[in-house]
Amino acid sequence: MPPVRVLYWFRTDLRLTDSPAVKAALDLAPSALYPVWCWDPEYVYSHNVGVNRFQFLLDSMNDTSAALTRLNPKSQLFVIRGSPRTLLKDLLLKWEISHLVFEEDKSAYGRVRDASVSATAASAGVKVVTRTGHTLWDTEAIVAKNGGHPTLTSETLMKCVDKLPNLEPPIPAPNSIPPPGPLDLALDRNYHPVSRPVDRNARDRTAEVTVYDTFTGPHADFAVPTLEELGMPPATTPYRGGEAEGLKRLEAFCSNEIAVAKFEKPKTSPAAFLPPQTTLMSPYLKFGCVSVRYFHKRVQDIIAKHKRGSSGLPVNLPGQLYFREMYYAAEFATPCFDRIRGNPICRYINWSLENVYDADGALVVPRPVSDDAEAEMYFERWKEGRTGFPWIDALMRQLKHDGWIHHLGRHSVACFLTRGHCFVSWERGLEVFDQWLIDWDPCSNPGNWMWLSCSAFFHSYFRVYSPIAFGKKWDKHGDLIRQYVPELKNFPAAHIYEPWKCPIADQRKAGCIIGKNYPKPMFDEKARKEHCLERMKAAFALGLKGDDTKVLDGSARRELDEADAATVIKSAATSPVSGAKRKQASVADMFAAKGGGGGSGSSSSSAEKMQKISAAADQAKSRSGGSRALDTKEGGNEALGDM
DNA sequence: CCGATGTTGCCGGC
DNA sequence: GCCGGCAACATCGG
């Protein structure tokens with residue numbers, strides 16, 4: 001019998017409690033255990049990862065490394081800087097590994113990477129052992145129970161999992177682990193190029209990337225990298241990663257057993273970021289710091305104890321975890337899940353700023369600036385929290401600064417960007433969430449963007465979140481706005497959701513002049529909503545999905561664009577306002593602090609509103625560098641830096 | 001074909 | 001706090 005020497009490959013499973021893959025590794029009774037992390041250049045250059053998620057990941061890696069050292073002083077998380085596709089093979093050979101063990105990652109990206117690494121390992125005579133652990137059930141098994149189809153409703157998901165074996169109980173963390181063997185490495189840098197044609201995270205860097213200068217870190221100790229080595233400034237998120245932190249947070253949440261048993265997601269406040277309104281467990285699930293199965297068992301036990309008056313599926317806590325399973329299974333069974341083009345479950349809607357592809361069908365990166373200046377302006381102002389709608393701006397600034405916002409807050413801003421008001425493609429919103437969220441997930445995130453934009457999973461496009469009413473329902477005083485939009489800190493509560501309606505004397509008293517210290521709303525909310533509803537109606541009438549030939553050849557786009565143009569012309573023709581007058585309209589006129597914008601209760605018809613939109617579009621298009629012109633002097637978000 | 005259902009809309013009226 | 005109107009989505013079971 002050759003000696004059993006295991007390389008355990010950590011990825012999004014940075015924990016030791018309830019890790020089926022770690023148990024499988026230890027069950028092999030290895031004489032040597034190498035816990036390894038490959039610091040993949042894909043993640044550094046090709047994915048959209050902002051400084052906050054990197055920080056959360058580094059926290060989690062450091063926590064796991066310390067936990068490994070506690071179990072064996074010779075052990076740690078051995079970080080190798082380079083691509084697993086090339087480096088792992090070298091490590092398997094040099095360290096004479098017999099078994100490669102890792103937790104399954106069935107996302108499209110993980111699947112391809114893991115198949116490549118597994119094939120390499122097998123060809124080197126190394127046995128590959130994998131276990132499910134990132135999800136409650138094996139995603140592939142769920143899809144098989146659904147006839148190979150994506151799971152599009154929670155009911156479908158439940159029907160599938162009812163046919164699967166019951167969940168195994170969680171596995172305690174190990175008490176000890178074997179030491180690694182010799183750590184000698186003599187690798188040739190030339191075999192492991194890390195340069196990339198595109199650096200998608202360059203915008204966040206303040207210095208050179210040095211993390212790839214060596215294989216084993218600046219002190220040759222396989223240390224976890226630092227943000228400095230990534231060329232990034234310090235993170236701003238208050239949330240810290242790691243298994244210890246995650247379990248602590250879970251226990252704190254579970255200490256209020258009645259709240260756990262009665263939890264109903266739709267009745268939690270989007271303005272909240274503390275228990276019992278939210279668990280804030282999503283980033284810990286994303287990096288596997290907390291096992292989803294352990295989380296599930298913990299809340300199920302509490303619910304069983306407090307059966308009377310407890311909430312049910314799908315709004316309760318287990319229900320939330322089942323939605324996560326649904327998105328994983330949907331992603332597994334759907335090609336092009338994170339985009340519209342080629343996506344068979346995604347309704348085709350002629351959004352502004354949709355993805356751009358080259359002649360070979362490859363996504364053009366970096367994304368070219370669209371000639372739709374109005375949409376670019378809406379998008380830019382949405383992203384940076386300068387729409388002039390305080391509720392939206394507060395959430396977007398919270399997202400950028402903290403890396404996390406409440407689920408229903410995400411609904412609010414996602415609906416606003418897409419079908420509700422801006423009519424910008426969900427693909428653009430997805431990219432921003434990818435860059436800024438600490439809990440970004442390749443299944444839940446595109447899934448939820450399709451949900452909110454009525455592209456898949458959900459279809460009632462006439463239910464639109466109001467950027468004014470929705471937040472007010474939960475946060476009457478506007479505390480979330482005051483925290484994240486400090487310009488409005490002293491605004492009277494009566495006007496904080498619609499500050500442009502505030503009398504100028506009160507604006508002066510609050511030390512914030514709308515249009516000077518904080519922007520006017522970037523459009524008439526009601527008019528934009530009506531416009532978007534018309535366009536949604538047309539897209540639903542056409543009834544195409546992202547993989548239809550008419551979408552692939554561009555004719556669906558032309559057809560819908562023409563229908564939209566006809567609607568606008570028709571509205572203009574029936575309007576009593578003359579064309580000459582229309583030309584005089586401008587964005588500034590529409591949103592003067594007095595009168596005009598945002599539901600001043602005027603009797604303007606839908607047709608008039610349509611004209612205003614059309615005029616605003618003309619205005620924006622004719623202005624060179626339109627977004628920049630509008631952005632200046634309109635209350636930036638510098639103040640966020642020192643919160 | 002009908003009617004019930006679908007995690008999380010808004011508004012006005014009671 | 002709960003209802004219906006708004007104008008109306010998809011899916012599923014019968």
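A: Helix α8 passes α11 in a right-handed crossing, a term that applies when the near helix is turned clockwise from the far one by less than a right angle, anticlockwise being left-handed. This is a predicted model, in which local features need pLDDT of at least 70 and side-chain atom pairs count only at pLDDT 80 or more, while totals for chains, interfaces and linings use all residues, and side-chain values use heavy atoms, without hydrogens or water. Residues are numbered from 1 along each chain as its sequence is written, with chains lettered from A and ligands numbered from 1 in the order in which they are written.

Two packed helices are described by the angle between their axes and the distance between the axes. Here the axes of α8 (residues 243-254) and α11 (residues 292-305) come within 11 Å and cross at roughly 15 degrees; axes are lines fitted to C-alpha atoms, for helices over the stretch in contact, and angles run from 0 to 180 degrees between N-to-C directions. The two helices are therefore roughly parallel, the word for angles under 35 degrees, whereas over 145 is roughly antiparallel, 65 to 115 roughly perpendicular and the rest oblique. The contact (heavy atoms within 4.5 Å) is made by L247, L250, E251 and C254 of α8 and by Y294, F295, R298, V299 and I302 of α11. Seven of these contact residues are nonpolar, none is polar and two are charged, where Ala, Val, Leu, Ile, Met, Phe, Trp, Tyr, Cys and Pro count as nonpolar, Asp, Glu, Lys and Arg as charged, and the others, Gly among them, as polar.

Helices (H or I, at least four residues) and strands (E, at least two) are DSSP runs, numbered from the N terminus. Five strands form an open, parallel sheet in the order β3-β2-β1-β4-β5, with β3 (78-81) and β5 (127-131) as the edge strands, each pairing on one side only. Strands pair if DSSP finds at least two bridges between them: β1 (residues 5-9) has three with β4 (residues 99-103) and five with β2. In these pairings Y8 has V101 of β4 as its bridge partner, and W9 stands opposite V36 in β2.

Five of the five residues of β1 are buried (under 20% relative accessible area, against over 50% for exposed and partly exposed in between, with a 1.4 Å probe and protein chains only), so β1 is largely enclosed by the rest of the structure. R5, L7 and W9 point one way from β1, and V6 and Y8 the other way.
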